[in-house]
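This report looks at salt bridges in one structure. Please view the sequence and the model first.

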Amino acid sequence: MELDYLKTLPLGGFNFDNCIRNRAMAESGILQAPKTMKTGTTICGVLFKDGVVLAADTRATGGSIVGDKNCEKIHNLAPNIFCCGAGTAADCDHVTEMIKRQLELHRLNTHSENRVQMAALKLVAHAFKYGGQIGTHLIVGGVDVKGPQLIECSNDGNMYSMPYHTTGSGSLAAMAIMETRYKENMTREEAVNLCIAAIEAGIYHDLGSGSNVDVCVITRNKYEMLRNIKHDNFKVFSKPGGYQFKKDRVQVVEEFKHKLVVEAGEQPMDLS
Amino acid sequence: MDNENFGLAKSFSSAPVLSISPHTNFSQKEQTDIEHELNEQVGTTGEYVSEGFCFKLAPGQDQIGFMRSLKEKAPKLTDFAKGTTTLAFEFQEGVLVAVDARATMGAFISSNNVRKVIEINDFLLGTMAGGAADCMFWEKYVAMQCRVYELRNGEKPSVAMASMMLASIMRQYRGQGLSMGTMFTGSDKTGASLYYIDNDATRVKGRLFAVGSGGTFAYGVLDTNYRYDMSLDEAVNLGIRAITSATFKDSASGGVVRIYHVTNHGKWNLIHDAIDVSELHYQFEQNKGHTGRGNEGKPNKYL
Amino acid sequence: MSGHNCVAIATDTRLSTQLMTIDTSFQRVFKVTDSCLMGVSGLGTDVQTLQLTLRSFYFSNSLMKFKLNLYRLKEGRDMKADVFSKLVATSLYEHRFGPYFVSPVIAGLDKVGENEYSPVICTYDSIGYREHNGQFEVAGTGAELLYGVCETFYKPNLEPEQLFEVISNSLLSALDRDSLSGWGAKVYLLTPTELTVRSLKTRQD
């Protein structure tokens, strides 16, 4: 049949087609593998009286270049579970996205709330399967039937639960704040302020972390995403009114115009 | 290589070599065996000891070994800006030197307006390829030695001798990390002559050279159109043409063209100080009836 | 770069091996749908593997073209720019351990209301991290140089012609300092009703 090729379509999962080629190119010195984005991060999580606070900085770096000054490192996994990601940016984005889909399916199948333990286990199982090659260092936090929980998941498949966690390149600075100022049964206010202080320690003392502070507060049946709760590092330099350019600097030598059909009618379902 | 000049130049080159060797400022313990041998050959006191400088060599004993391991461990550290197109050729009215003006650090263009012809003195020129500092320093050093020779002997040294001084210095420091590929040209009693010298201490007298990453592209134009009996105008145009086409193909070359002419009568002249190669490219292409954007015969494809 | 109801991609047109220029009119930007453009920089072979050229007949493995067509057949409509941007991210991530050496840039306009369009501007690293802040994104060998100029010249909510000025000047400034880019430049300006492509005069060295 003519559509037989459909059977040969990839069914998902990783594709290793380019591996041998890329290694050959690297060995012969033709081309070095391009740098990938790292989050170069400070992330932390704290348990408080009736919930969990997660916090992260917002800098993404590629080598010494700040690629994204305001990226999102707190990922949503389920309505009651969030997760902070450090390590390779692409891994954190896609792995959390994948687990999010799995949890949603589980939720729909079982008509019940996801448990934090399960989300963390799924993340760890995935990481362990690839022997630490997938650069995800995550802090999973959420509130489920067992109460508020905070779990750290390493890329090597290790996971552990503690009342406060810090990860990423700025984790030492953040941990210093945590160790001195954490106490049990904090109020929401106290917990948020502690997290902000910890992340700011990372922002100001670690070169890989920077920009703003994102905070996510999860309590029973409710979450609050406080994006850029601290934004002391917003861009301050810009010329009012912008720049004017010399007219003859840009010389257009050719021009093509292409009329586009303006689409009308309603759009079917949005799957994004 | 012509042995007459070799013998003459050697006696002069040995003195400056000695005076700049680390021997004078380093303790005996830090000397390598090679240096000992060398010192024994040429005697322990230099004829001209007036410079008051000395290279700081690597800590330890073996500079050559140090450079070799440095190249392995940190290949980029010793990898100086190398992108260049320089060319020079002899013709009936002397020697023509043409260079581009781009300096790069990796892919980054640090300048498009560099002077790659070093005006050594009023009858010698050197081009610059490889490490800019090495070329500049040692060619200036040769200028000093030429002046000393002139004061001492009442006549200017020959180009052969001056070039041999430079080559001898390169021999002395061979393998120690200098980076230089220069065309050494000048005019003396016998007319203009042209040498190629590099950091392996190669010294070749020749008629036509192109050095640098764009050199291969320049050779293409040069070899096609070169004749010994060119007029000055023809030679200048050939130089411009060769540099322009090299800068077009080679991304590490660019900026402006500079042209020097070394006459047969003990002088050199600056013919063109800065012609923009991009404008030249458009001009040449338009003369052919092209747009200069390389889209001839291609469909106007934009999507 | 995004403006008010318009987006633009500016690109140079050079293809080279190491230092040697091979082609001075290499096409890097492709129209994905009527509302989305994709520019791909990186290794020439991977650019063509990923690209969406209309001559996909020759490149039977043009990855994104295939996925787009399949989507069109299944859904009976064109992909929204936002959806496409996520598709590119997953397609790149699929090759996480053997990546294509590319960094694509996507510029699109999604209709969000009557005469109101939201710009989609994003770029990726080679393994599919999607970077998007809605203002400008840069990629390629001159990316580090472009960050600086774009940061300075960019203003939000520019009208199409102003956006053209800003993006062209940004690109030309960066091209003059990047030895691996240049040899011609093209600016693709997308508004809801029209796509304008302009060739710019650049240095040829």
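## A bridge between chains

This is a predicted model. Lys69(A) is partly exposed, with 35% relative accessible area. The side chain of Lys69(A) forms a salt bridge with that of Glu151(C), at 3.1 Å from N to O. The pair joins two chains, because Lys69(A) lies in the loop between strands E4 (65-68) and E5 (74-78) of chain A, while Glu151(C) is in helix H4 (residues 143-153) of chain C.

Glu151(C) has a relative accessibility of 17%. That value is under 20%, so Glu151(C) counts as buried.

## A bridge within chain C

Arg28(C) and Asp12(C) also meet through their side chains, in a salt bridge of 3.8 Å, N to O. Asp12(C) belongs to strand E2 (residues 6-12), and Arg28(C) to the loop between strands E4 (20-23) and E5 (29-33), so the pair ties together parts of chain C that are 16 residues apart in sequence. Both Arg28(C) and Asp12(C) are buried.

Arg203(C) is partly exposed, at 22% relative accessibility. Asp205(C) is buried, with a relative accessible area of 5%.

## Whole structure

Side chains of opposite charge can pair when their charged atoms come close. Over all chains, a search of the whole structure finds 32 salt bridges.

Notes: Residues numbered from 1 in each chain as written. Chains lettered and ligands numbered in written order. Predicted model: local features only at pLDDT ≥ 70, side-chain atom pairs only at ≥ 80, totals over all residues. Heavy atoms only, no water. Salt bridge = Lys/Arg side-chain N within 4 Å of Asp/Glu carboxyl O. Helix = DSSP H or I, 4+ residues; strand = E, 2+ residues; numbered from the N terminus. Buried < 20%, exposed > 50% of the residue type's maximum accessible area, 1.4 Å probe, protein only.
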